[in-house]
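Biologist: Hi! Could you walk me through how the pieces of this protein pack together?

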Amino acid sequence: MAQWNAYYHNDDEEEEQEDGEQFRDYKVTGRDSLVFLVDASKEMFVKGEDGQPSNFDLSMQVVRSVYTSKIISSHRDLMALVFYGTEQSKNPSNSFKHVYVYHNLDEPGAKRVQEVDALQGEKGARLMEKTMGSGETSLGDALWCCANLYSDIKLRLSFKRLMIFTCRDEPHGGDTAKDRQARTKASDLKETGVFIDLMHLMKPGGFDVSTFFCDIISPDSEGELGLQLEPCGKLEDLKKRVRAKEQKKRAMSRLNLSLGEGLNLAVGIYAMAVPAKIPGSVKLYRETNKQVHSKPQTFDTQTGRLLLPSEIKKAQVYGKKQIVMERDEVDSIKKFEDPGLYLIGFKPIKMLKIHHHIRPAVFIYPEENMVKGSSCLFSALLTKCSEKDVFALCRCILRRNCPPRFAALVPQKEELDEGKVQITAPGFHLIYLPYADDIRTLDPPQFPSASQIPVDKMKQIVSKLRFKYRSDAFENPAIQKHFRNLEALALDMMAPEDVEDLIMPKVDQINQRLGPLAEEFKDLVYPANYNPESKPTTKRKSGGDEKKARVEVSEEELRAHVQNGTLGKLTVPVLKEACKKMGFRTTGTKKQELIDALITTAYLHGRVK
């Protein structure tokens with residue numbers, strides 16, 4: 001008997017499972033986890049100059065931002081909030097002094113967001129002083145407590161990260177025993193797969209990372225941003241650093257890049273930009289409010305019996321015969337070649353045109369863990385392509401049963417800013433090239449050309465309105481309004497926060513920039529007393545000008561339709577008119593009756609041989 005479990009897997013799950021068999025160790029499974037370890041010493045509550053928020057307030061705002069973003073994007077991820085350097089202690093079994101576990105490792109929710117909101121501002125500082133206070137510091141005990149939080153989780157975790165927020169570069173004040181204990185526990189955490197990051201904040205005299213924390217944090221991995229030497233003093237900078245660390249870079253797929261026979265390297269395919277969408281609705285069970293999952297089943301239409309997987313076949317009609325094929329035969333027909341990138345040759349970059357862009361490009365980066373030496377060979381290929389100003393032409397098959405595409409690998413060099421922070425990563429942009437059928441030759445309509453005077457005036461207008469575009473400066477107002485409404489509903493807010501529509505043009509600023517240019521252009525192009533806001537008047541068509549449907553057909557055309565057997569292409573009014581013209585009267589309105597009458601009449605009168 002066929003196994004039922006294999007029947008209920010859909011095709012997408014089977015493809016992912018087979019794709020992961022080649023590199024099973026690197027398939028991303030389980031949930032992500034993130035622990036915020038925040039310093040609660042008195043130095044964290046000191047406000048900045050000109051009434052700027054304290055470092056503790058900055059940390060809480062970032063924690064709240066990550067909580068809300070996780071609820072929207074990855075609500076199944078686990079998060080925790082732990083304070084160290086407190087007077088009171090709260091942790092499993094209270095084994096560690098001066099460590100306060102505010103939130104255990106669990107899924108984020110509206111209640112947690114409200115609790116983090118209560119810790120912000122002066123009220124939050126008073127609440128912290130009342131419930132936790134500030135005491136001695138032992139970072140080693142805090143790291144040990146975080147390790148226990150991870151060990152108590154029975155779920156499978158795919159990624160574990162710990163972020164330390166502090167403004168003290170020497171948390172133990174020179175106590176070598178506590179420093180040594182903290183280094184030991186940090187090493188133990190890193191051996192268990194926990195990534196430790198430092199989010200150091202501004203302090204008088206500067207923050208020296210090399211004194212202690214350089215031995216605590218995890219080294220740079222997978223091309224992520226390394227340790228930032230400059231401390232954060234602004235909320236946006238701190239959010240940017242946290243976002244760069246907590247967002248795991250997930251590969252769309254991992255493939256072999258074949259440079260020739262016996263010469264392969266492994267690369268990961270990454271999407272550089274993904275459109276933001278409002279999540280689709282899900283079906284919930286009325287009694288338990290849990291999500292309902294559908295499971296397709298196939299039944300026999302005659303007996304109503306549930307069909308086994310072995311009883312379901314696929315067929316195709318060829319030459320009026322139904323050819324039945326097994327599933328493995330269908331899979332072999334769909335398969336062109338194994339997934340991967342196959343090098344064909346090199347071409348100058350100047351041969352790559354703008355109209356060759358037919359779909360969003362992806363980014364490829366070496367995967368050293370899959371094939372050793374991939375990074376070295378990838379770097380050599382990238383360097384030579386950049387020096388010679390060429391792109392690599394490849395045949396690309398991203399996943400199983402996908403048709404092959406030709407793609408151009410365009411090199412991109414690494415770029416750093418003034419603070420030695422990576423702006424663009426080194427790698428190749430994979431640009432899908434069109435086939436000949438994808439390119440069409442258009443015949444655009446010809447319009448009279450404008451004179452040079454209004455063209456020059458429009459150039460002045462365009463130059464005045466030009467600005468540097470950034471995609472992150474414009475948010476989708478519909479999506480923002482949707483999530484603001486959900487946030488207000490979950491947090492029991494009186495009303496959602498107002499959403500500023502940044503897409504709408506700023507009319508006052510535009511008028512200030514243009515000055516009299518707009519009126520001058522209107523006087524040059526449009527007639528006098530022209531009002532662009534007035535609606536154009538619509539002209540009514542006279543009844544005699546309306547076109548009537550063609551219901552007559554000539555005898556030659558009718559004879560040709562009868563000989564070719566194409567009378568079915570004619571409409572019923574045309575067939576009725578043809579019957580009257582041939583002298584055959586019929587009261588039927590069915591199309592087939594009219595066709596039969598025309599054919600019979602044509603043969604009886606000898607009009608068709």
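Modeller: Happy to. One definition before we start: a crossing of helices is left-handed if the near helix is turned anticlockwise from the far one by less than a right angle, and right-handed if clockwise. This is a predicted model, where local features need pLDDT of at least 70, side-chain atom pairs count only at pLDDT 80 or more, and totals for chains, interfaces and linings use all residues. Residues are numbered from 1 along each chain as its sequence is written, and side-chain values use heavy atoms, with hydrogens and water left out.

Biologist: Good. So which hand does the crossing of α6 and α7 have?

Modeller: The crossing of α6 and α7 is left-handed. Helices (H or I, at least four residues) and strands (E, at least two) are DSSP runs, numbered from the N terminus.

Biologist: And what angle do the axes of α6 and α7 cross at?

Modeller: Roughly 20°, and the axes of α6 (residues 139–151) and α7 (residues 176–191) come within 7 Å. Axes are lines fitted to C-alpha atoms, for helices over the stretch in contact, and angles run from 0 to 180 degrees between N-to-C directions. The two helices α6 and α7 are therefore roughly parallel. Angles under 35 degrees count as roughly parallel, over 145 as roughly antiparallel, 65 to 115 as roughly perpendicular and the rest as oblique.

Biologist: Which residues make that contact?

Modeller: On α6, they include Leu-139, Leu-143, Trp-144 and Ala-147, and on α7, Ala-182, Lys-185 and Leu-189 are among them. Contact means heavy atoms within 4.5 Å. By class, the contact of α6 with α7 has seven nonpolar, two polar and two charged residues. Ala, Val, Leu, Ile, Met, Phe, Trp, Tyr, Cys and Pro count as nonpolar, Asp, Glu, Lys and Arg as charged, and the others, Gly among them, as polar.

Biologist: How many bridges join β1 to β2?

Modeller: Seven, and β1 (residues 31–39) and β2 (residues 78–84) run parallel. Leu-34 stands opposite Met-79 in β2.

Biologist: Is Met-199 buried or exposed?

Modeller: Met-199, which lies in β5, is buried, with a relative accessible area of 3%. Buried means under 20% relative accessible area, exposed over 50%, partly exposed in between (1.4 Å probe, protein chains only). Met-199 and Leu-37 are 162 residues apart in sequence and 10.0 Å apart in space, C-alpha to C-alpha.

Biologist: Last one: how many residues of β16 are buried?

Modeller: Five of the six in β16 (residues 427–432). Six bridges join β13 (residues 405–412) to β16, and the two run antiparallel.

Technical notes
Pairing = 2+ DSSP bridges.
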